[in-house]
Amino acid sequence: MIDALTTWQQVCAALASPDTVPPGHAPEDFEAAFGILDAAFREAAPSQRGPLSLYLASLHSLYGDAASADAQEAVVQAAALDPALRQSPLYLALSAELDARRRGPEAAYPALEAVHGDPLSRYHVVAALALAERAQEALDVHLPVAELPPHLRWRLRSWQADAEEMLGNSEGALNLYAEAAHLARGSYRAGMLQEQAALHLQLAQPTEAETVLNRARSEYPASGTPRSASADVLGLASWHYLMSQAELNQDRVDTALTQIEEADRLEREAGDPSYGVALVWGQVLVAQGRQEEALPHFEAALGLSQPEDRPYALHELGVALLDLDRPLEARERLEQAAATPDYPFVPEVLADVAEAEYRLGRLHEAQMNAELALSQGAVVPASLVLGSVAMDYYHLDEALDHYERVAREAAPGTRDWITAQQMTTDIMAQQGFPDAAAAYAHAQQALEHTDPSDDWYGTLQDHLSKAEAQMGLGRGRTLN
């Protein structure tokens with residue numbers, strides 16, 4: 001006699017990962033799990049086939065959107081076999097999850113019978129609420145991880161980490177991803193570590209990201225060894241993609257390029273090139289000063305992008321075109337990015353549009369866009385454009401204010417900060433050194449970061465000497 005609950009326990013046993021999984025091997029035996037359900041369904045009495053169909057739907061749901069149709073078919077089959085199941089917590093929870101996959105935030109709140117149902121039902125409720133972007137409500141569902149079978153424990157922590165991210169609680173999300181990685185095995189563990197690393201990158205913590213990624217790498221086959229059919233090629237591609245960003249953000253540009261090239265190779269091997277890899281490849285080439293070569297990658301990213309990703313690709317493309325002194329093309333791309341609702345970097349885009357307008361000789365339009373960008377918080381790039389416009393009008397006091405603002409706000413040693421130090425010194429020199437000590441200090445800081453082969457170097461030395469003379473300082477003396 002086939003019993004649905006006993007069969008489910010056998011399925012969970014098949015999906016329970018061993019403590020160690022050889023790199024490149026599947027950590028959960030889905031083939032065996034589906035085989036157990038299929039065999040049980042064929043032999044079960046009619047009264048048990050409905051519940052077995054719900055367990056089949058639960059199994060399909062673990063494949064996400066790719067198996068939504070299969071999960072939906074199993075849920076419908078369960079209700080057809082036993083109409084009373086329509087009121088069961090698991091049926092209601094699975095239906096809520098499928099609804100959330102279809103409609104996102106517009107999905108209905110799961111039925112209370114599911115929210116207060118058995119652990120498996122509550123797991124699917126958490127998934128449904130997270131998919132519907134009801135983050136706090138997902139976290140409020142009472143579900144101790146020990147009540148779930150092993151294959152769902154790490155997945156629960158992953159959903160909860162997603163919810164914490166939605167709420168902006170990065171520390172909570174990092175801890176939950178770490179716990180998910182501890183509970184998972186093999187490529188699933190690598191996936192959770194990579195989620196943790198991705199969040200570190202978002203938080204501008206590339207060193208921490210690299211440390212986590214080094215742990216994840218051991219879950220994949222060694223480089224140069226054959227991968228088994230079950231190896232997660234796209235997971236490894238994602239690893240190289242994330243490591244490229246970690247390297248890039250630590251100014252290791254050459255190794256970043258090697259990593260992103262490997263990510264692209266693996267994605268193409270799997271037949272699934274991605275927006276993210278194309279975008280980061282372009283960013284790495286820009287960091288190497290190879291803007292012309294970066295353009296096709298940004299164009300590729302644009303072609304592969306989803307609507308929410310499109311403005312990022314447009315922005316990168318626009319800035320690269322600006323760097324190549326192609327302001328007309330740059331402005332077109334940047335204006336498209338600025339017109340995208342909810343793009344978080346609109347102030348920076350407006351400052352870049354202002355730069356494009358300035359290069360086109362449209363000073364009034366440049367000033368208007370820069371002032372708007374400044375009012376919205378893009379202080380450094382907007383102030384640089386406003387400084388340039390003021391210089392063109394020979395409004396030296398106004399230009400000085402803008403460049404001094406950049407010198408205060410930009411990160412020391414960056415290109416913008418160096419430009420501000422140089423321009424501030426030059427303007428003070430044009431004004432006759434009304435504050436010789438300040439001019440001397442700006443010139444000194446600029447010289448420390450200006451290459452002797454740069455035309456600015458001689459100009460700055462001249463300004464430094466004149467400011468020194470104004471203060472009555474002898475050669476070799478330095479300000480305290």
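How many of the 15 residues of H5 are buried? Keep that in mind as you open the model, which is a predicted one.

**Stop 1: helix H5**

Select residues 89–103, which form helix H5. Here is the count: 11 of its 15 residues are buried, so H5 is mostly covered, given that buried means under 20% relative accessible area. Colour the buried ones, including Leu 90, Tyr 91, Leu 92, Glu 97 and Asp 99. Now show what covers them. The cover includes helix H3 (46–61), H4, helix H6 (112–115), helix H7 (119–131) and helix H9 (150–166).

Next, check the length of H5. At 1.5 Å a residue, its 15 residues should span 21 Å. The C-alpha atoms at its ends are 21 Å apart, which agrees. Step just past H5 to Gly 104, where phi is positive, at about 55°.

**Stop 2**

The structure holds three cavities of 30 Å³ or more. Select its lining: Ser 61, Gly 64, Ser 68, Ala 71, Leu 94, Glu 97, Leu 98 and Arg 101. Which helix supplies the largest share of this lining? H5 does, with four residues. Helix H4 (68–81) also supplies at least two. By class, the lining divides into three nonpolar, three polar and two charged residues. Leu 94, Glu 97, Leu 98 and Arg 101 line this cavity, and these four are also among the buried residues of H5.

**Stop 3: the nonpolar cores**

In soluble globular proteins, nonpolar side chains tend to be buried together. Look for that here. The largest nonpolar core has 48 residues. Inside this core, Leu 59 and Tyr 123 have the most contacts. H7 gives the most to this core, with seven residues. Select Tyr 123 and show what surrounds it. Among the residues it touches are Leu 62, Leu 143, Leu 148, Arg 155 and Trp 159. Another core, of 38 residues, lies apart from the largest one. Find it by selecting Ala 256, Ala 294, Phe 298 and Ala 337, which are among its members.

**Stop 4: the largest pocket**

Now turn to the largest pocket, with about 1500 Å³ of space. Its lining has 33 residues. Which of them are closest to its centre? Select Asp 162, Gly 191, Met 192, Glu 195 and Ser 238. Helix H2 (30–43), H9, helix H11 (186–202) and helix H13 (233–248) each give two or more residues to the lining. H11 gives the most, with 10. Colour the lining by class: 15 residues are nonpolar, nine are polar and nine are charged.

**Stop 5: Gln 259**

Select Gln 259 in helix H14 (residues 253–269). Is Gln 259 buried or exposed? It counts as buried, because its relative accessibility is 16%. Show its contacts beyond four places in sequence: Trp 239, His 240, Met 243, Ser 244 and Glu 247.

**Stop 6: two loop residues**

Most residues other than glycine have a negative phi. Two exceptions end the tour. Glu 133 has a positive phi, near 65°. Find Glu 133 in the loop between H7 and helix H8 (135–140). At 53% relative accessibility, Glu 133 counts as exposed. Then move to Ala 204, in the loop between H11 and helix H12 (206–217). Its phi is positive too, near 60°. Ala 204 counts as exposed because its relative accessibility is 64%.

Methods: Residues are numbered from 1 along each chain as its sequence is written. This is a predicted model: local features need pLDDT of at least 70, side-chain atom pairs count only at pLDDT 80 or more; totals for chains, interfaces and linings use all residues. Side-chain values use heavy atoms; hydrogens and water are left out. Buried means under 20% relative accessible area, exposed over 50%, partly exposed in between (1.4 Å probe, protein chains only). Contact means heavy atoms within 4.5 Å. On a 1 Å grid over the protein atoms alone, a cavity is a set of points where a 1.4 Å probe fits but cannot get out, and a pocket is an open set with protein on both sides within 12 Å along at least five of seven lines; lining residues have an atom within 4 Å of a point. Grid points are joined across faces, edges and corners, and a volume is the space filled by probe spheres set on the points. Ala, Val, Leu, Ile, Met, Phe, Trp, Tyr, Cys and Pro count as nonpolar, Asp, Glu, Lys and Arg as charged, and the others, Gly among them, as polar. The expected span of a helix is 1.5 Å times one less than its number of residues. A nonpolar core is a set of buried Ala, Val, Leu, Ile, Met, Phe, Trp, Tyr and Cys residues joined through side-chain atoms within 4.5 Å.
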